[in-house]
Each structure stands twice: as C-alpha cells, then as structure tokens.
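Dear colleague,

I am handing over the structure we spoke about, and my notes on what was found in it follow below. Please have the model open while you read, as the notes move from one part of it to another.

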Amino acid sequence: MAESAAELAGRIFISYRRGETAYPAGWLFDRLVQHFGAVQIFKDVDSIELGDDFVEVITRAVGSCDVLLALIGDQWLTVTDVNGRRRIDDPDDFVRLEIQAALTRNVRIIPILVDGARMPRAEDLPAGLAGLARRQALELSPNRFEYDTNRLLKVLDATLAEVRTAHDDAISKSAVTQALQSTAQNDRPLAGPTRDAANESGPTKNVSPFHRSRSLRLLLMIGGGILAAVVVVYLIIQVVPNEPTSKENSGAQSLAGNEFKEEGPWRLVVHNDGSASNGCTVTLVNRDTNESWSNEYPVYETSSFLIARAGTFRWSAASGCTVLSRSGPGNLTLPAVVDGVGTSDAFKAPEMITVRVKDFHGNGRCELELRDVTSGTVVDIGELNKQKDSVTLQTQGRPQVYLVNDACAVQVSSG
C-alpha cells in the first residue's frame, strides 16, 4: 500500500561512515527510534531489507527525508580510498551524495560532531558541499550522550512540526472540500461549557513525545496561511461556547449544558485545539445506566471513539478540548490505516483480519482489541511488539467489528 504524504512527513536520515562512526550512529539510531518510531528513521544497515538495491534505497530515502543528521568524526574529511584519494572528493562517495542531495533540496542538515571532532571549513570541502560548513553543529560525546541527544530531540521536534505543517498545507482543495462536506453531514457538536475533568478521570498517563509534537503541529496549522480559512470553517461547528448553544444554531441534541442523547452505536470525536498541553481526557457518563467511560490515553490532536451504548450522556473535559457526536458506527473499507489513540470506524467482518504495525510512535508495544459493533464486547485481542510486527485476529462470525488501538499506527486488512 503506497504511503501518503502525511506518512512520509518527518523522516530523519542518518549519514555516517561505517569505518569511523558506526557505533555512535547505532546509539543515536536507537535513541531516535525510541522517540519517533522506527518508520521515521533511516540508517542503511537497519533500514534496508535483504535483496533491496542498496543504491536505489539510499537515493530514495535521501530524496524523501526532511532532516539529515551528518555524523562527522576525526577522519570524516581525510579518510582515503584504495588509491589514496580523499573519499569526500569522489563524486560517487555515498556520504558526499547524501549531503549534496540534502543541500540541493534545502533539507535541514544538522552536523553531529562525534567525540571531539571539528567542523570542516568551506575551503576544505568539495564545491557542492561548501554549504555544510555554515550549518550549526551539535557535539555528541559518550560522556554526556543523554544530555546531547536530548538537545537534539528538542530541535528535531520543532523542525518536524514545521515539516508536517507544510505537508498539511499542501492538501488539495478538493480533498478539503470533501472533508468539510462530510463533516457538515455527520458531525453534531455537543453544546455546553468544558470543565476540567482531571479530578474525575485520575492522573494523565504518559504517552510518547511523538503525540505531543503533533499538538504543536495543530497550533502551527491553525496559525498558518493557506489552510487558515479552511480550518476556521471546519472548527466553527466545534467551538464550545460558554453558554449552551441552541438546537437551531448548532444542530446538537442538547438537553442541558453538556448533556445530550444518542442512539447506539455512535461515535465520540475528541479534538484538542492545542491549548490542552496534557491532552484531552473525556469523561462520559450514561445517565440512563450510570455507566461511565473515559479514553485511556489522552488525545493530542483529533481522535474518534466508537460507543455501542445508547442513552442520555453527560460529558466533561478540560478547557481546550472539543467534543462532538457523530451518528452511526461509520463504514471503514479494508485495507485501511488506523493511527494512534482511539478506535476505527466499523467495518464488515471477514473471517479473520491481519493487523500490521506501521509505526510504534516510540512505544515498546501496542495492545489491540477487536470488538463487536452492536454490543461493544471484546471478540479477540492481540499485541504488537518489536519482535512481532503483525497479528491475526478472529472475528468469531460477527457481522460488524471495530478495532481498538491504544497508541500505534497499524494497517488493517482481510485474511
């Protein structure tokens, strides 16, 4: 399945010489994978499958990366080939090609000076690499590895947030129009003031920094240029006023304040406008049954949750969090990608489905539940981890099911 522009956004390429900085590159790769997830990091040995064309894969990776980390050791500039010529002067040298391509594409390049190495001067570099000398470098020392990498992660978080915003701004006008039409038909804002539910829902759980960087992305999007007007139109129906909104104005079936009624199954949509720094945790109470529900992991962008039960509901959430109701269970067509906190829409259940991880988002494992749409009961469970990147779940003859996914990006397909 082809990867979308959004999935390609935010990739980091590690450029290094194996004979000089292989070990530091390995340490850095592991640290970045913990923070961003393996799919976002390219390092030749770890990122090339058996049988792949080495040159083709590296060329493609450099062409699609958004940040290039150039590891520079003491011999980076002076190391020679079998003929005694500096390798950096060879037009076909991989390191030279990688950095030159990144400079040509105006990709953010961060030189990483390993164990006391110095930045090369412009006059010591081939003409196509002279721009590297003007890039601000970061020192990486084994004695303060954690401190140095934390500095790097802060820079990368901010850089990749900007990159993802640029990708979002490139969304076609027709796709945005279609999304707005779908929202106008299906979404109903739940009227009433938001209030802090921290005391009701317990302490917020820790989630990967990847999700926090996505909330920064939302702030940049809302303040951005090309999509600003579209975002305003989209969010008009999501604004939570200080007073209950009338049914005529909002279309919401508001009974009193933040109370509403829904026929099951239905979907709860939670949107974080970026100001809820600890994420959005919604507490939902069914007043007909006294059952309560809250999302296990905070929402840092927008997530949807399928709710099987009907009833009259009262909700609460922190300031900056918007809650919408969406009638019906939805209609997901397989294969499909389900990303991050929340649940998928309902889909027709084949005999079995295969769930394959696309991005751990910095988590060590992902817990999955397959649930029946009508009752919400668990049909099957599974777990994805570093040793097991796919799992098969049985649908047990249910006509419609949905997937509960705690924090990872996964691809769901039949069979």
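**Confidence in the model**

The model is predicted, and its chain has a mean pLDDT of 76, with 73% of the residues reaching 70 or more. Over residues 191–223 the pLDDT is below 50, although this stretch has 91 contacts in the model beyond near neighbours in sequence. The pLDDT is also below 50 over residues 225–256, a stretch with 52 contacts in the model beyond near neighbours in sequence. Where pLDDT is low, the predicted coordinates should not be read in detail, and I would ask you to keep this in mind for both stretches.

**The chain as a whole**

The secondary structure of the chain comes to 11 helices and 22 strands. Of its 415 residues, 48% are buried. Among the contacts in the chain with a separation of 6 or more, 77% are between residues 24 or more positions apart.

**The parallel sheet and its surroundings**

Five strands form an open sheet with parallel pairing, and their order is β2-β1-β3-β4-β5. The edges of this sheet are β2 (41–42) and β5 (138–140), each of which pairs on one side only.

Serine 15 is found in strand β1 and counts as buried, at 2% relative accessibility. Leaving aside residues up to four places away in sequence, serine 15 touches Leu68, Leu69, Ala70 and Leu71, as well as Val95, Glu98 and Ile99. Glycine 128, for its part, has its place in the loop between β4 and β5 and is partly exposed, with a relative accessible area of 33%. Not counting residues up to four places away in sequence, glycine 128 touches Gln100 and Leu103; the C-alpha atoms of glycine 128 and glutamine 100 are separated by 6.1 Å, while the two residues are 28 residues apart along the chain.

**Aromatic rings**

A search of the whole structure finds six aromatic pairs, and two of them are set out here. Tryptophan 266 and phenylalanine 313 form a tilted pair, at 5.2 Å centre to centre and with 55° between the planes. Tryptophan 266 lies in strand β8 (residues 266–272) and phenylalanine 313 in strand β12 (residues 311–316), so this pair ties together parts that are 47 residues apart in sequence. Tryptophan 266 is buried, with a relative accessible area of 0%, and phenylalanine 313 is likewise buried, with a relative accessible area of 3%.

Tryptophan 293 and phenylalanine 305 form an edge-to-face pair, with 5.3 Å centre to centre and 65° between the planes. Because tryptophan 293 lies in strand β10 (residues 291–294) and phenylalanine 305 in strand β11 (residues 302–307), the pair ties together parts that are 12 residues apart in sequence. Here tryptophan 293 is partly exposed, with a relative accessible area of 27%, whereas phenylalanine 305 counts as buried at 6% relative accessibility.

Ring pairs also link Phe260, Trp266 and Phe313 into a cluster. Elsewhere, a charged side chain meets a ring: lysine 43 lies over the face of phenylalanine 29, at 5.6 Å from the ring centre.

**A strand with two faces**

Strand β14 runs antiparallel to strand β22 (residues 409–414), and four bridges join the two. Within this pairing, alanine 336 has valine 412 in β22 as its bridge partner.

Key: Residues are numbered from 1 along each chain as its sequence is written. This is a predicted model: local features need pLDDT of at least 70, side-chain atom pairs count only at pLDDT 80 or more; totals for chains, interfaces and linings use all residues. Side-chain values use heavy atoms; hydrogens and water are left out. pLDDT is the predictor's confidence in each residue, from 0 to 100. Contact means heavy atoms within 4.5 Å. Rings of Phe, Tyr and Trp (its six-membered ring) pair if their centres lie within 6.5 Å; planes under 30 degrees apart count as stacked, over 60 as edge-to-face and the rest as tilted. Buried means under 20% relative accessible area, exposed over 50%, partly exposed in between (1.4 Å probe, protein chains only). A charge sits over a ring if NZ of Lys or CZ of Arg is within 6 Å of the ring centre and within 35 degrees of the ring normal. Two strands pair if DSSP finds at least two bridges between them.
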